[in-house]
Amino acid sequence: MMDTETIPLVKHGFLGQRMIVIPKNILSGVKKNELINSLYFTDIGFFPKAANHSVTRKNGSKQHILMYCYSGEGTIQMDTITIKLAANTFYIIPPGVSHHYFAHKKNPWSIYWLHFTGIKAPFFYDKFISLQPEGAPVLGLDERRIGIFENLINVMEGGYSANNLEYVNISLWQLLNSFVFNSFFSEEGKKNLENSTVETSIIEYMKQHLEKPLKINDVAAHFNYSPSHFFSLFKNYTGYSPINYFNHLKIQKACQYLSFTTMSVKEISYALGYNDPLYFSRLFKKLMSASPLQYRTEYKQ
């Protein structure tokens, strides 16, 4: 661990830095604005090549803190947990947790950061922890993410008008999504997750075999998984069992047939691998809250 006592420590003051701290009286208005008060940021900034950057909060922060290491290296210490940040990694520090973070002495980080809060903030943190329970997630390098950060800072540098505040805090959802759901935001990010197999391969396999029944053992074997590991991997990623998810894809396709073709319910049932049209109709109604014919009448585009 770096001996932070042997080097001069600074909290602010880096060439090219950008930082916005929303005044408390402005935040009081944000808290009353029902469009944005469920999730909003209080501070945001960028510290380039932040040599000797060091911050200690013995009582933690009142907000969640997202730290994105764009380049260089640094460390976050929280009680007994030490998180190493390298280029294209990030971490979210929860509120109320004692922490100390600092830049690497020889290769100081360049970091984008923000403090965010609101009643929806803990849900983003919980999702982050559930997807990445250990360490700092590696991101695909994507300039769109940097563009969102820079755009938020640019807009706030233009003042605290209601339109500005609403725009940046609605955009905050997209920014947090780009971190928490990186595999959707960045194509390169898919390479860093085992679960990407589910999204890019298994689900695609299902979509290409909608006319067939699903046998878990066969699909698991196709992707060199044991049936139990395949089931757990799929359920953890999607929240559904493979069979339920496969049925959802079939019904999604059925909706397209009903909307864009003149195929009968019986023909659609057979096309999707259901040999019993009555079973297909019951399943369709269960998922769509309407029978196939009702759907065709009410929802056809």
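The following legends describe close-up views of a predicted model.

Residues are numbered from 1 along each chain as its sequence is written.

**Figure 1. Confidence along the chain.** The average pLDDT (the predictor's confidence in each residue, from 0 to 100) is 87 for the chain, and 90% of the residues score at least 70. Residues 1-8 remain under 50, with 12 contacts (heavy atoms within 4.5 Å) beyond four places in sequence. The stretch 189-195 is also below 50 and has 17 contacts beyond near neighbours in sequence. Where pLDDT is low, the predicted coordinates should not be read in detail.

Figure 2. Strands are DSSP runs of E with at least two residues, and helices are runs of H or I with at least four, numbered from the N terminus. Two strands pair if DSSP finds at least two bridges between them.

**Figure 3. The pairing of β4 and β9.** Strand β4 (residues 64-71) runs antiparallel to β9 (residues 110-117), and seven bridges join them. Within β9, W113 is the bridge partner of M67.

**Figure 4. An aromatic pair in helix α2.** Rings of Phe, Tyr and Trp (its six-membered ring) pair if their centres lie within 6.5 Å; planes under 30 degrees apart count as stacked, over 60 as edge-to-face and the rest as tilted. Y125 and F128 form a tilted pair, 6.1 Å centre to centre with 50 degrees between the planes. These residues are three apart in α2 (residues 121-131), so about one helical turn separates them. Both Y125 and F128 are buried, where buried means under 20% relative accessible area, exposed over 50% and partly exposed in between (1.4 Å probe, protein chains only).

**Figure 5. An aromatic pair between distant parts of the chain.** The ring centres of Y205 and F223 are 5.7 Å apart and their planes stand at 80 degrees, so this pair is edge-to-face. Y205 belongs to helix α6 (residues 196-207), whereas F223 lies in the loop between α7 (216-222) and α8 (227-238), 18 residues apart. F223 counts as buried because its relative accessibility is 18%.

Terms used: Predicted model: local features only at pLDDT ≥ 70, side-chain atom pairs only at ≥ 80, totals over all residues. Heavy atoms only, no water.
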